[in-house]
Amino acid sequence: MKKILFALGLATVMALPAYAQTRQVTFTTQLKDYGGDGAYLALYLTDADGKYQGTLWVSGKKSKYYKHLRDWARGSGLNQAEYDGLTGASVTSGRALKVTLELEDALIDSGHQVRVDTAVEDMRDNRADVVVPLTTEGSGKPVTGRGYVQSFVYDLK
Amino acid sequence: MNIKPIVISFSLLLVGAGALADDDCDDPVAQWQPREHLRQKLEAEGWTVFRIKVDDGCYEVKGIDPDGYRMEAEYSPATFELMEMERDDDDDDDDHHHGKSRNYDSSSQAERPTHKGIVKGRPSVTVE
């Protein structure tokens, strides 16, 4: 009997990390009317020093152009495992990209930053078009981008 | 255990991935023909050429093909061999969807769970 209890306890302990708390976050990126081809965007997390931590989303289908999302490209090493399943079409001038995903709670209020790199064919590349700390307090507060991003906001649920 | 089939399938996978990954052109520059020649050749075939630029060693042409579609095509600069061609509105920057919201939530493109990285499960994505 004791053995079974022990096994049960062990299984519970081992399974626990799989149920780490997650939180739903929606990232909305509104682009300016910059009037060019579809923009490539990379949304990613860095630590407080700007060191790459992980990819949230990449807009733009052709991976050969990903090098123009410069900081993200350097951080992720353009390693496909970093963005597998996290890519979609590029975003046209003036439109808004809305990405909703589950993030580990531990990434919020822990000094991490959300960054957005942007690039448009035949136009300039913007590393860190948006840089904003990922905090409960910052939720719902729009910030302005430096490049093609008109405004960026995340909403924590 | 007989691992031969496994080894063979893995090698095939690797070879396949390598072949797919390479859509660059590697003609020696000395053999390149002027892009004006490519423009003339395409216009003779009924194209309207907007512009030709060099991308990854290829001539990348944007224009309208004889059937009236906006195209983006890549040609080898030495032989003008066609390397890649796609409808421009296959991609993303199509203007036909103004005002509509499109949802390319993943289901088709990402059945695999994202095992690496910080995102749990698959994101839901819309462009408005």
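## Pairing between the chains

Strand E5 of chain A and strand E6 of chain B pair in the antiparallel sense, over 6 bridges. Within this pairing, Glu102(A) stands opposite Lys120(B), a residue of E6(B). The model described here is a predicted one.

The contact between the chains takes in 32 residues of chain A and 22 residues of chain B. On the side of chain A that touches chain B, the elements giving two or more residues are E3, helix H3 (80-83) and E5 of chain A. E5(A) provides the largest share of that side, 9 residues. Sorted by class, the side of chain A that touches chain B holds 13 nonpolar, 10 polar and 9 charged residues.

## The nonpolar cores

The largest nonpolar core has 36 residues, and those that touch the most other members are Ala39(A), Leu41(A), Ala42(A), Leu43(A), Leu56(A) and Val99(A). At least two residues of this core come from each of these strands: E1 (22-31), E2 (39-46), E3 (52-59), E5 (96-104), E6 (113-120) and E8 (149-156) of chain A, together with E6 (119-127) of chain B. E2(A) supplies the largest share of the core, 7 residues.

With neighbours within four places in sequence left aside, Ala39(A) is in contact with Leu31(A), Ser90(A), Val91(A), Thr118(A), Ala119(A), Val120(A) and Tyr148(A). A second, separate core consists of 9 residues, including Cys25(B), Cys58(B), Val61(B) and Met71(B).

## The make-up of chain B

Chain B contains 2 helices and 6 strands, which follow the pattern α-α-β-β-β-β-β-β along the sequence. Of its 128 residues, 13% are buried. Among the contacts in chain B with a separation of 6 or more, 32% join residues 24 or more positions apart.

## The sheet of chain B

In chain B, 4 strands form an open sheet with antiparallel pairing, in the order E1-E2-E3-E4. Strand E1 (48-55) and strand E4 (82-87) of chain B are the edge strands, each pairing on one side only. On average, neighbouring strands of this sheet are turned by 20° against each other, direction ignored.

Inside the sheet, strand E2 (residues 58-64) and strand E3 (residues 70-75) of chain B pair in the antiparallel sense over 6 bridges. Here Val61(B) stands opposite Ala73(B), which lies in E3(B). Helix H2 (residues 35-44) of chain B packs on the sheet and touches E1, E2 and E3 of chain B. The direction of this helix makes about 145° with that of E1(B).

Technical notes: Residues numbered from 1 in each chain as written. Chains lettered and ligands numbered in written order. Predicted model: local features only at pLDDT ≥ 70, side-chain atom pairs only at ≥ 80, totals over all residues. Core = buried A, V, L, I, M, F, W, Y, C linked by C-beta atoms within 7 Å. Buried ≥ 20, exposed ≤ 12 C-beta atoms within 10 Å, placed from the backbone. Contact = placed C-beta atoms within 7 Å. Nonpolar A, V, L, I, M, F, W, Y, C, P; charged D, E, K, R; others polar. Pairing = 2+ DSSP bridges. Axes fitted to C-alpha atoms, helices over the stretch in contact; angles between N-to-C directions.
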